[in-house]
Amino acid sequence: MPVIRLETYVDAPPERCFDLARSVDLHLHAAASTGEAAVGGVTSGLIGAGEEVTWRARHFGVRQRLTSRITRFDRPRHFRDSMVRGAFARFDHDHHFEPCGAGTRVRDVFDFRAPLGPLGRIAERLFLTRYMRRFLVHRARVLKEAAESGAWRRYLPEG
């Protein structure tokens with residue numbers, strides 16, 4: 001089973017990084033190239049414990065729907081989103097936030113399985129793991145840029 005691990009240092013507090021990582025609006029901004037839209041469940045703002053969001057996007061030229069649920073939630077240290085329905089056989093995406101110097105070490109662990117048994121495992125090795133890694137690296141870069149600039153304010157509720 002493929003597991004993608006990323007680590008990003010962000011010059012911002014863990015609470016801000018945590019909330020940006022669960023911002024539906026920031027995710028939509030980061031995934032604009034796939035035409036992603038939130039079409040069910042929490043469709044804007046911050047997603048929380050036990051809540052779901054359904055995404056519609058185009059990947060590999062195919063329109064897809066995927067529903068994920070927040071299955072673990074420990075603000076501001078960790079949350080997990082897990083696929084409930086969608087194109088993968090399964091996935092869990094753990095988001096970890098650890099204070100590091102004046103900022104935050106953000107760690108992503110994306111553990112997934114492609115559908116279609118042996119054909120899916122071939123797809124994982126040939127292109128799917130690389131595709132997902134690029135997607136997650138881009139998302140981490142967008143989170144870092146938003147958290148370190150004033151842009152974070154447009155993705156988080158006031159208060």
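Q: What is the relative accessible area of Asp74?
A: Asp74 has a relative accessible area of 34% and is therefore partly exposed, a class that lies between buried (under 20%) and exposed (over 50%), judged with a 1.4 Å probe and protein chains only. This is a predicted model, in which local features need pLDDT of at least 70 and side-chain atom pairs count only at pLDDT 80 or more, while totals for chains, interfaces and linings use all residues. Residues are numbered from 1 along each chain as its sequence is written, and side-chain values use heavy atoms, with hydrogens and water left out.

Q: OK, and which residue forms a salt bridge with Asp74?
A: Arg77 does, with the closest N and O atoms 3.2 Å apart; a salt bridge here is a side-chain nitrogen of Lys or Arg within 4 Å of a carboxyl oxygen of Asp or Glu. Arg77 itself counts as partly exposed, because its relative accessibility is 48%.

Q: How many salt bridges does the structure hold?
A: The structure holds 13 salt bridges, and one of them joins the side chains of Asp19 and Arg75, at 2.7 Å from N to O.

Q: Which parts of the chain does that Asp19 and Arg75 pair link?
A: Distant ones: Asp19 sits in helix α1 and Arg75 in the loop between β4 and β5, 56 residues apart. Helices (H or I, at least four residues) and strands (E, at least two) are DSSP runs, numbered from the N terminus. Asp19 counts as buried because its relative accessibility is 10%, whereas Arg75, at 39%, counts as partly exposed.

Q: What kind of peptide bond joins Arg75 and Pro76?
A: A cis bond, with omega about 0 degrees, and Pro76 is likewise placed in the loop between β4 and β5. As background, most peptide bonds are trans, and most residues other than glycine have a negative phi.

Q: Speaking of phi, what is it for Phe60?
A: Phe60 is not a glycine, yet its phi is positive, at about 55 degrees, and this residue lies in the loop between β3 and β4. Leu116, in the loop between β7 and α3, also has a positive phi, near 75 degrees.

Q: Which residues make the nonpolar surface patch?
A: Phe60, Leu116, Leu119, Ile122, Leu126 and Phe127 make a patch of about 640 Å². Patch residues have over 30% relative accessible area and no salt bridge, with like charges joined within 9 Å and nonpolar side chains (Val, Leu, Ile, Met, Phe, Trp, Tyr) within 5 Å. Leu116 is exposed because its relative accessible area is 66%, and Leu119, which lies in helix α3 (residues 117–148), counts as exposed at 60%.

Q: Changing topic, what is the strand order in the open sheet?
A: The 7 strands run β1-β7-β6-β5-β4-β3-β2 with antiparallel pairing, where two strands pair if DSSP finds at least two bridges between them. The edge strands, β1 (3–10) and β2 (37–41), each pair on one side only.

Q: And which strands does helix α1 touch?
A: Helix α1 (residues 14–21) packs on the sheet against β1, β4 (62–74), β5, β6 and β7 (103–113), contact meaning heavy atoms within 4.5 Å. Its direction makes about 160 degrees with that of β6, using axes fitted to C-alpha atoms, for helices over the stretch in contact, and angles from 0 to 180 degrees between N-to-C directions. Helix α3 also packs on the sheet, touching β1, β3 (52–59), β6 and β7, and its direction makes about 15 degrees with that of β1.

Terms used
Areas by Shrake-Rupley, 256 points an atom, 1.4 Å probe, with all protein chains shown as cover.
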